[in-house]
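Below is a short briefing on one protein chain. Please keep the structure open while reading.

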Amino acid sequence: MKICVNRICAIAAVLFAASCAPGTEVAELKCEMSVNPPGVDTTAPRLSWMLKGKNNERQRGFRIIAASSPERLKAGDADLWDSGEIISGRHEVVYAGLEPVSRQECFWKVCVFGEGGKTYWSETAGWTMGLLNEEDWLGEWIGCDTFNICDPEGDPYRFSREFRSEHPIRKAMLYIAATSRYELYLGGRRVGGRMIPALSAGEGKPGAYDTFDVTDRIVPGDNTMEVVLGNSRPGLPEMILQLEINYEDGTRQTLGSYENWAVSPAGR
């Protein structure tokens, strides 16, 4: 009897494992060809996905739902967009829901309709909007000429600013554009940089900029951020930067690039 029970348990385990074997799934959800990107600068981003599996399931159609929070999305409350069922085999669509605003977090998932009435839901993905309007940018374009220390020998320049963080942080985003190669540091740790200039300096909103989620780079109390600007291109290097720290209590601290930054040749 004991042997029979053991055999039954073994068979059940095999059947359970078979039922949990990898099947068809909706994966590789991307917005503007990136996974969960910050700083999306278009109100009609491209959403894409892939249908994967060993059974070569074909997509007959799809449905996109998007919401303003993960909780709403989980509950099926698509307060931003519900595309309805679209009969198509394509794996990319342009978002056509409520127009998002600057800094807004958007969450989405896709249901793929396969053959024979089968449906496959993806996991949740998302994107965060960038600074869409000129008035969103509070910082100013600054460079070595702002501080009258320009060096014709082509040395890079180091711009630095100290600040304090007083409360528990919910999220912190940093936006930056530069006319030359730059390297960005927070607390002495490199955050990011570009080999190719983002754009030429000008008034107001940059035409192109980088966005970084720096929530885990800011510590309670004193902090330092630094930007090293290259000086190998014609013209003087300039940058515009904005750091927005959103606290758990609902307040926001905004730090921009102004004349209160310290600057010095980085090569000395």
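Of the protein's 268 residues, 43% count as buried. The model is predicted. Its secondary structure comes to two helices and 19 strands. What share of the contacts between residues at least 6 apart in sequence joins residues at least 24 apart? The share is 71%.

**Surface and largest pocket**

- The accessible surface of the protein is about 14500 Å². Carbon and sulfur atoms account for 50% of that surface.
- The largest pocket has a volume of about 230 Å³. Its lining has 16 residues.
- Which lining residues are closest to the centre of the largest pocket? They are Pro38, Gly39, Val40, Asp41 and Tyr209.
- By class, seven of the lining residues are nonpolar, five are polar and four are charged.

**The loop between β1 and β2**

- Strand β1 covers 25-31 and strand β2 covers 46-52. Glutamate 32 sits in the loop between them, and methionine 33 is also placed in the loop between β1 and β2.
- Glutamate 32 is not a glycine, yet its phi is positive, at about 50°.
- Methionine 33 is not a glycine either, and its phi is positive at about 65°.
- Is glutamate 32 buried or partly exposed? Glutamate 32 counts as partly exposed because its relative accessibility is 25%.
- Methionine 33 has a relative accessible area of 59%, so it counts as exposed.

**Serine 88**

- Serine 88 is in the loop between β5 (86-87) and β6 (92-94).
- Its relative accessibility is 13%, under the 20% cut-off, so serine 88 counts as buried.
- Leaving aside neighbours within four places in sequence, serine 88 contacts Gln59, Arg60, Gly61 and Phe62.
- Valine 112 is 24 residues from serine 88 along the chain. The C-alpha atoms of the two are separated by 9.9 Å.

**Aspartate 136**

- Aspartate 136 belongs to the loop between β9 (125-128) and β10 (142-143).
- Why does aspartate 136 count as buried? Its relative accessibility is 10%, and buried means under 20%, so aspartate 136 qualifies.
- Which backbone atom does the side chain of aspartate 136 reach? It is the backbone nitrogen of asparagine 133, at 2.9 Å.
- Residues up to four places away are not counted in the next list. Aspartate 136 touches Ser102, Arg103, Leu131, Gln242 and Glu244.

**Glutamate 183 in β13**

- Glutamate 183 lies in strand β13, which spans residues 182-186.
- Its side chain makes a polar contact of 2.6 Å with the side chain of tyrosine 185.
- A polar contact of 3.5 Å links the side chains of glutamate 183 and arginine 181.
- Beyond residues up to four places away in sequence, glutamate 183 touches Arg190, Gly192, Gly193, Glu226, Val227 and Val228.

**Proline 220 and leucine 229**

- Strand β16 covers 221-229. Proline 220 is placed in the loop between β15 (210-213) and β16, whereas leucine 229 lies in β16 itself.
- Is proline 220 buried or exposed? Proline 220 has a relative accessible area of 75%, over the 50% cut-off, so it is exposed.
- Leucine 229 counts as buried because its relative accessibility is 0%.
- Proline 220 and glutamate 166 are 54 residues apart along the chain. Their C-alpha atoms are separated by 6.2 Å.
- Leucine 229 and arginine 181 are 48 residues apart in sequence. From C-alpha to C-alpha, the distance is 6.0 Å.
- Arginine 181 is also among the residues in contact with leucine 229, once neighbours within four places in sequence are left aside.

Notes
Residues are numbered from 1 along each chain as its sequence is written. This is a predicted model: local features need pLDDT of at least 70, side-chain atom pairs count only at pLDDT 80 or more; totals for chains, interfaces and linings use all residues. Side-chain values use heavy atoms; hydrogens and water are left out. On a 1 Å grid over the protein atoms alone, a cavity is a set of points where a 1.4 Å probe fits but cannot get out, and a pocket is an open set with protein on both sides within 12 Å along at least five of seven lines; lining residues have an atom within 4 Å of a point. Grid points are joined across faces, edges and corners, and a volume is the space filled by probe spheres set on the points. Ala, Val, Leu, Ile, Met, Phe, Trp, Tyr, Cys and Pro count as nonpolar, Asp, Glu, Lys and Arg as charged, and the others, Gly among them, as polar. Helices (H or I, at least four residues) and strands (E, at least two) are DSSP runs, numbered from the N terminus. Buried means under 20% relative accessible area, exposed over 50%, partly exposed in between (1.4 Å probe, protein chains only). Contact means heavy atoms within 4.5 Å. Accessible areas come from the Shrake-Rupley method with a 1.4 Å probe; for residues, only the protein chains shown count as cover. A polar contact is a pair of N or O atoms within 3.5 Å; within protein, one must be able to donate a hydrogen and the other to accept it, and residues adjacent in sequence count only if both atoms are side-chain atoms.
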